[in-house]
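Please keep the sequence and the model in view while reading.

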There are 2 protein chains.
Amino acid sequence: MASSSCSIDLSGPTYCIVSGASQGIGRAIAAEVAKLLGPKSLMLLLARKADELAKTASMCQSDNVKAIYKSIDLGKASTKEMNDVIVNSLEGYKVTDFATCLIFHNVGSLGNLAIETARIEDSNELAQYYDLNVFKVISLNTQFLKIFEAVEDRIIIVNITSLCAIKPMSGMAYYCSGKAAREMYFKVLAEEKKHIKVLNYSPGPVETSMIDYVLTEAVNDNLRDVFTSFKNQGVLLKPDMTARKCMKVLQAGKFTPGEHVDYFDDE
Amino acid sequence: MASSSCSIDLSGPTYCIVSGASQGIGRAIAAEVAKLLGPKSLMLLLARKADELAKTASMCQSDNVKAIYKSIDLGKASTKEMNDVIVNSLEGYKVTDFATCLIFHNVGSLGNLAIETARIEDSNELAQYYDLNVFKVISLNTQFLKIFEAVEDRIIIVNITSLCAIKPMSGMAYYCSGKAAREMYFKVLAEEKKHIKVLNYSPGPVETSMIDYVLTEAVNDNLRDVFTSFKNQGVLLKPDMTARKCMKVLQAGKFTPGEHVDYFDDE
């Protein structure tokens, strides 16, 4: 592939946040991006489970990369706590020390799969789901944008989305509608901030704990059938496969602002 | 146009809810659908302002149609209140009295236009916006589905969506993301309930109080420019024009389950 003028170079000193970095796709993304980052890079890994974050950090740490982590429940954190966690990670650094400022919004949950879509009525449960999956993602993103405002043209944002954001899936009304909302927020942001690179990356069906959660919780037969056949036919992707594809898409830099790019899309 | 087997006949006794029926598109939809309904039809008009609802009701009332209204703040109403408002409207009727059970989810707001997308961080304000525009719409829809469960195959649901649900618009992150979420919920519902007709109708740019709200509130220059030129060039649709198109789309019945159909789409 001929190199394009818009290709993204991560080989300089890079600041990089990964949310939901304690497992699955988040961990794989952290490990894959770490391999690409240049000297004096700094990674901040966020999730609830400190012990699992420590493992991810050890996978990322290298001569080039200092990997730190912070246990935080992004569904409950205040704006100030989010701001503090980023500011504290930058102690001893200036934002201008970094050639690239990168954030992967990977945190996410599936929502209540034990209810038929036609019976959803609990607005508090909906609010709680959206809080973690949409509202707090927006809040964290805004703290990131504020803190790196002076070097705004160095910012790259990757939202981990899903095919479900653009294609309805039976039995997943929480997940589909939340992903649709989240992806659209990033698209509007990309529309306004043309000099910030924004990618909506859809990782495909990946072998994570979410798969078993669906098989255990889902009341929708079609949904369980789809995931059972994914599992039985061995078509589920390994987290590192989709994380590598995400890096390829990112580095090629061919995506339009806020574009939804799927694992299975042509390169 | 040759009549299609899937065309929708509203000339029987019809039960019909319109939310946000006190003004603009909601009022126009109520008035237009009322003209099509057969003898012994019953309309329930919902919004906050009783006096404006009374005007809409008088536009709908006819030999065929009994139009009643109820002042309700759908952003604050509990599930029980929503259920009660529908049940009470049905006093003296059985659900089997109606050949068609129709609901137009028109209620909606624009969200905070006075903040740049890159500065949105107040998750409580986001939650409040989504409550009225997404969560409570889902709750109301579920009450409707429960009450008419025995005649589920007679149900028709129309969600008033927007081009903004599928196309990002600068300065409208609340509106775009909320409309995306709301539309996707209805798409998932349609996917699960193939025997219920679900339409996402996008009314185009309509001359309503929302236009002036944008011009007054919006901090995004591009957004204000777009709406100013809509206004100056006289391209804004009258509410009754888009309401009539909505009825044509509905009656033709050619939409796929949950399809997003725009005013400007070919017939």
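A disulfide is defined here as a pair of cysteine sulfur atoms within 2.5 Å. In general terms, a disulfide is a covalent bond between the sulfur atoms of two cysteines. The model is a predicted one, in which local features need pLDDT of at least 70 and side-chain atom pairs count only at pLDDT 80 or more, while totals for chains, interfaces and linings use all residues. Residues are numbered from 1 along each chain as its sequence is written, chains are lettered from A and ligands numbered from 1 in the order in which they are written, and side-chain values use heavy atoms, with hydrogens and water left out.

## Cysteines

By the disulfide rule, the count over all chains is zero. For C101(B), the closest cysteine sulfur belongs to C16(B) and is 10 Å away, which is too far for a bond. The sulfur of C6(A) has its closest cysteine sulfur in C246(A), at 16 Å, and this too is too far for a bond.

The table gives the accessibility of these and other residues; buried means under 20% relative accessible area, exposed over 50%, and partly exposed in between (1.4 Å probe, protein chains only).

| Residue | Relative accessible area | Class |
|---|---|---|
| C6(A) | 32% | partly exposed |
| C101(B) | 0% | buried |
| Y129(A) | 7% | buried |
| Y130(A) | 0% | buried |
| F135(A) | 0% | buried |
| Y130(B) | 0% | buried |

## Aromatic rings

Rings of Phe, Tyr and Trp (its six-membered ring) pair if their centres lie within 6.5 Å; planes under 30 degrees apart count as stacked, over 60 as edge-to-face and the rest as tilted. Over all chains, 23 aromatic pairs are found. In one of them, the ring centres of Y129(A) and Y130(A) are 6.1 Å apart and the planes stand at 75°, so the pair is edge-to-face. Another edge-to-face pair is formed by F135(A) and Y130(B), with 5.0 Å centre to centre and 65° between the planes. F135(A) lies in helix α4 (residues 123-147) of chain A and Y130(B) in helix α4 (residues 123-147) of chain B, so this pair joins two chains. Helices (H or I, at least four residues) and strands (E, at least two) are DSSP runs, numbered from the N terminus. Ring pairs link a cluster whose members include Y174(A) and Y174(B).

A charge sits over a ring if NZ of Lys or CZ of Arg is within 6 Å of the ring centre and within 35 degrees of the ring normal. The charged end of K245(A) is placed in this way over the ring of Y263(A), 5.6 Å from its centre. In chain B, the charged end of K245(B) sits over the ring of Y263(B), also 5.6 Å from the centre.

## The sheet of chain B

Two strands pair if DSSP finds at least two bridges between them. Chain B has an open sheet of seven strands with parallel pairing, in the order β3-β2-β1-β4-β5-β6-β7. At its edges stand β3 (65-71) and β7 (259-262), each with a single partner strand, so one side of each has no neighbour in the sheet. Strand β2 (residues 41-47) of chain B pairs with β3(B) in the parallel sense over seven bridges. Within these two strands, A47(B) stands opposite S71(B).
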